[in-house]
Amino acid sequence: MNVIPKIVKYPEKGSPCSIASNWVIGAPSALKKYALMLHADLKDILGLELKFNNSKTSEAIKLKLNTKACSEAESFNIAFYENSIELIGHDEQGLFYAIQTLKQVLLTHGNNIAACSIHSIKGYSWRGMHLDVSRHFFPIPYLKKLIDLMALFRLNRFHWHLTDDQGWRIESKKFPLLHKIGSCRDEEGYREPQYYTQEEIKDFVAYAEERFVEVIPEIDMPGHTQSVLAAYPNLSCTGEPTQTWTKWGVSEDVLCMGRDSTYEFVEELLNEVIPLFKSKYFHIGGDECPDTAWQSCPHCQKKKDELGLHDFRALQHQFTNFLSEVLKKHDKIMIGWDEITEGQLPDNTVVMAWRGNAGKAAVNAISQGKNVIFTPNSSYYLDWRQSDKEGEPGGFGVTDLKKVFQYDPQEIIKIEELQYTHNSTKSDLKLYFDINKCTDYFLGIQVNLWTERIHNEKELKYMLFPRLLALAEQADSRSTNKDYIEFSKRAEIIMEKVLNHYL
Ligand SMILES: [Zn+2]
């Protein structure tokens, strides 16, 4: 069946199913919300406005929860019969996904479906998409559209990269210069503040939650903070005025790790920002932080010596530990980019493995007993070009649809295992290379969309699709689908009939 992610299908006896205007939608009152959703979708796709009636009418679309028929969390079944359709979810999330899948079926097959039943496949718990709104800002109504599309393909984690050298995007009542100054840069078209108010953030988080998408904010620290220093220069090592960055790359202007005022600022800021979000996770970045400013800073030097640390990278690790302590007070689990694995990781940490094929970082994290999200730049960075054709937008290398589809964390870990056992005799680490044990630490997979070269919604759509479909397919089958030809045909149909309908 032409849906993404793939489902398992069994034929049923009887004539094809075709929804007619005399059909009703039947759902117990506890599921009314989903009946209303389905009603709106059927009106949109088929132009039919079905009535609600939960009596035993035969010509009906019936919504149910059943933990026996669908034993796994988030799972669903759909049965298409001549005079009825049954949508059964293990839980509300499963039922919601059944509706999303029915939408795809109606758009790709029309209102004439051979009698059959279809079942979902159990996926990774983390099925993610990241978006950088610092380099280029995208307004909430557009982000809501992206959430709808994520939900349509059963993606469930939106990683919101809200701050970077080139722009701070969160309203702060305690430190208002962050959004007043840090959200502008001295460049044509970017001189006016562009940020999300706290009300907008809360509204967006609630919108996503209704669609079973968890919003994970990222405040990148201690590097990627030039927009913070533009607002509050006293947080840098030199304390000299600076501006929100107008270049791409990695700025050497970073938070001073030596002064107490940095730690006080960060804690107060986190105390303000954390309650805007509901996810149990909070991303603190931690990547690509040059130590050049620290090396010539008397405060950083002094702190390093006082703590008896051997280098400035260790000074950054103690800052990461400090962040972890702040997050713990709010009951949050810390996520960081894989640079944080270069030190001993605090307990409540998840690693986002991004460099290269992500294998090394994943092994470093797993060997410390930490969970991993695979987001390798070589396969899942959607700011990379989709082909080597002249004029193809994007930067860096080529990551085509096939490359996204073929990435498999299990295979990556097997390759690491071979290299590791060849080079090492340490038995404690070897334990984690048992692939069966290893996969317990795989939270899931995620594509990242950095927006240095993405200026508007049209460009964003081009970079996102169809590659997001490959991620969604593999996220839901735990990277087990190897049939690229079959997938690519399905993706083409989805692009034409589903995405053209919604975007
Ligand atoms: Zn310093």
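Trainee: Where is the place of Glu-342?
Mentor: Glu-342 sits in the loop between strand S14 (333-337) and strand S15 (349-353). Helices (H or I, at least four residues) and strands (E, at least two) are DSSP runs, numbered from the N terminus.

Trainee: What separates the C-alpha atoms of Glu-342 and Arg-313?
Mentor: A distance of 8.7 Å, with the two residues 29 apart along the chain.

Trainee: Before I go on, what should I know about the model and its numbering?
Mentor: This is a predicted model: local features need pLDDT of at least 70, side-chain atom pairs count only at pLDDT 80 or more, and totals for chains, interfaces and linings use all residues. Residues are numbered from 1 along each chain as its sequence is written.

Trainee: OK, zooming out. How many helices and strands are there in the chain?
Mentor: The chain has 19 helices and 19 strands. Its radius of gyration is 24 Å, close to the 23 Å from the globule rule for 503 residues, so the chain is as compact as a globular protein of that length. That radius is taken over C-alpha atoms, and the rule is 2.2 Å times the number of residues to the power 0.38.

Trainee: And what box do the C-alpha atoms fill?
Mentor: Roughly 80 × 55 × 50 Å, along the principal axes. Of the 503 residues, 47% count as buried.

Trainee: Which domains does the assignment give?
Mentor: Domain 1 (8-119) and domain 2 (126-502). The bounds come from an automatic or database domain assignment. The C-alpha centres of the two domains lie 37 Å apart.

Trainee: How many residues of domain 1 are in contact with domain 2?
Mentor: Eight residues of domain 1 are in contact with nine residues of domain 2. Contact means C-beta atoms, placed from the backbone, within 7 Å. The domain 1 side divides into three nonpolar, four polar and one charged. In that count Ala, Val, Leu, Ile, Met, Phe, Trp, Tyr, Cys and Pro are nonpolar, Asp, Glu, Lys and Arg are charged, and the others, Gly among them, are polar.

Trainee: What about the largest nonpolar core, how many residues has it?
Mentor: It has 143 residues, and Leu-87, Leu-95, Ala-353, Ala-362 and Val-372 have the most contacts inside it. Helix H2 (residues 92-109) gives the most to this core, nine residues. Domain 1 (8-119) and domain 2 (126-502) both give residues to this core, so it lies between them. A nonpolar core here is a set of buried Ala, Val, Leu, Ile, Met, Phe, Trp, Tyr and Cys residues joined through C-beta atoms within 7 Å.

Trainee: What does Leu-87 contact, leaving aside neighbours within four places in sequence?
Mentor: Its contacts include Ile-61, Leu-63, Phe-76, Leu-95 and Leu-102.

Trainee: Ala-362 was on that core list too. Which residues of H11 are buried?
Mentor: Gly-359, Ala-361, Ala-362, Val-363, Asn-364, Ala-365 and Ile-366. Helix H11 (residues 359-366) is mostly covered, with seven of its eight residues buried.

Trainee: Next, helix H3. Which of its residues are buried?
Mentor: Leu-143, Leu-146, Ile-147, Met-150 and Leu-152 are buried in H3. Their cover includes H2, strand S8 (126-132), strand S9 (157-161) and helix H5 (198-210). After H3 comes Arg-154, with a positive phi near 60 degrees.

Trainee: Which peptide bonds are cis?
Mentor: Among them are Ile-4 to Pro-5, with omega about -5 degrees, and Met-221 to Pro-222, with omega near -5 degrees. Pro-5 lies in the segment before strand S1 (8-11), while Pro-222 is in the loop between strand S12 (214-221) and helix H6 (226-231).

Trainee: Last one: what is phi of Glu-74?
Mentor: Near 75 degrees, a positive value in a residue other than glycine. Glu-74 counts as buried because it has 22 C-beta neighbours inside 10 Å.

Notes
A residue is buried if 20 or more other C-beta atoms lie within 10 Å of its own, exposed if 12 or fewer, and partly exposed in between; C-beta atoms are placed from the backbone. Two residues are in contact if their C-beta atoms, placed from the backbone, lie within 7 Å.
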